[in-house]
Amino acid sequence: KDSNEPTVVNWVKPKILDTSVIIDGRIADICKTGFIEGTLVIPNFVLEELRHIADSSDTLKRNRGRRGLDILNKIQKELNIDVDIYEGDFEDINEVDSKLVKLAQVLDGKIITNDFNLNKVAEFQNVQVLNINELSNAVKPVVLPGEEMVVQVIKDGKETGQGVAYLDDGTMIVVDGGKKHIGETIGVMVTSVLQTAAGRMIFARPKTT
């Protein structure tokens, strides 16, 4: 090899965490798998928002905020990943989402979020986004029409006679004619699969014996 050849350095873009993805908590498990490369950047203005939520008089909000702070603590202390607290602020910008987009532009980074609106705003401004919900949908097992599965019908559906069941990953299964099987564990055959931005829905009918 020619020693005069330039060394190629692969630039790994920093990953900037938003408030929603920290509170969600799955980011810690994803980091643990090693799929996230580069430095995790936690902006101070996101930390401030988390602390504000954790001090809320609303019990649910307070619990969510404290959970977010616990998740950050876990990422910093237990996981083998570089974490950088960004101390700067953009005082001329009020919205946290807009600050995140600006920071991503300044650092040439990617935003990790599960906030649909932030996702759209960032993409509009040519900032790359890693959406945890999209990742979650992408790694769910593929289900094809004609496949059979065993499910527990737990409630009735929107349309007459329908029953509703769920897979372990939370995917809803609408069972045509399943209302009469509520409370039962039955075999069903998949008839179709609907994939939307919000997730996946499976349609099925009881197996005929």
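This is a predicted model: local features need pLDDT of at least 70, side-chain atom pairs count only at pLDDT 80 or more; totals for chains, interfaces and linings use all residues.
Visitor: Let's start inside: which residues of helix α3 (residues 44-54) are buried?
Guide: In α3, the buried ones are Phe45, Val46, Leu47, Leu50, Ile53 and Ala54. Buried means under 20% relative accessible area, exposed means over 50%, and partly exposed lies in between (1.4 Å probe, protein chains only).

Visitor: Zooming out, how many helices and strands are in the chain?
Guide: The chain has seven helices and eleven strands. They are DSSP runs numbered from the N terminus: H or I over at least four residues for helices, E over at least two for strands.

Visitor: And what are the overall dimensions of the chain?
Guide: The C-alpha trace spans about 70 × 60 × 35 Å along its principal axes.

Visitor: What share of the chain is buried?
Guide: Buried residues account for 37% of the 209 in the chain. As for contacts between residues at least 6 apart in sequence, 59% of them join residues at least 24 apart.

Visitor: Switching to the backbone: what is phi at aspartate 108?
Guide: Aspartate 108 has phi near 55°, a positive value in a residue other than glycine. Most residues other than glycine have a negative phi. Aspartate 108 sits in the loop between α5 (96-107) and β4 (110-113), and with 37% relative accessibility it counts as partly exposed.

Visitor: How about asparagine 126: where is it, and is it buried or exposed?
Guide: Asparagine 126 is in the loop that runs between α6 (116-124) and β5. This asparagine is exposed, at 72% relative accessible area. Its phi is positive too, near 60°.

Visitor: Where does glutamate 123 sit?
Guide: Glutamate 123 belongs to helix α6 and is partly exposed, with a relative accessible area of 41%.

Visitor: How far is the C-alpha of glutamate 123 from that of glycine 183?
Guide: The two C-alpha atoms are 44 Å apart, with glutamate 123 and glycine 183 separated by 60 residues along the chain.

Visitor: Gly183 has me curious. Which residues does glutamine 152 touch?
Guide: Leaving out residues up to four places away in sequence, glutamine 152 touches Gly183 along with Val164, Ala165, Glu184 and Thr185.

Visitor: Which strand holds glutamine 152, and how accessible is that residue?
Guide: Glutamine 152 lies in strand β6, which covers residues 148-152. At 44% relative accessibility, glutamine 152 is partly exposed.

Visitor: Last one: what distance separates glutamine 152 from aspartate 24?
Guide: Their C-alpha atoms are 27 Å apart, and 128 residues separate glutamine 152 and aspartate 24 along the chain.

Technical notes: Residues are numbered from 1 along each chain as its sequence is written. Side-chain values use heavy atoms; hydrogens and water are left out. Contact means heavy atoms within 4.5 Å.
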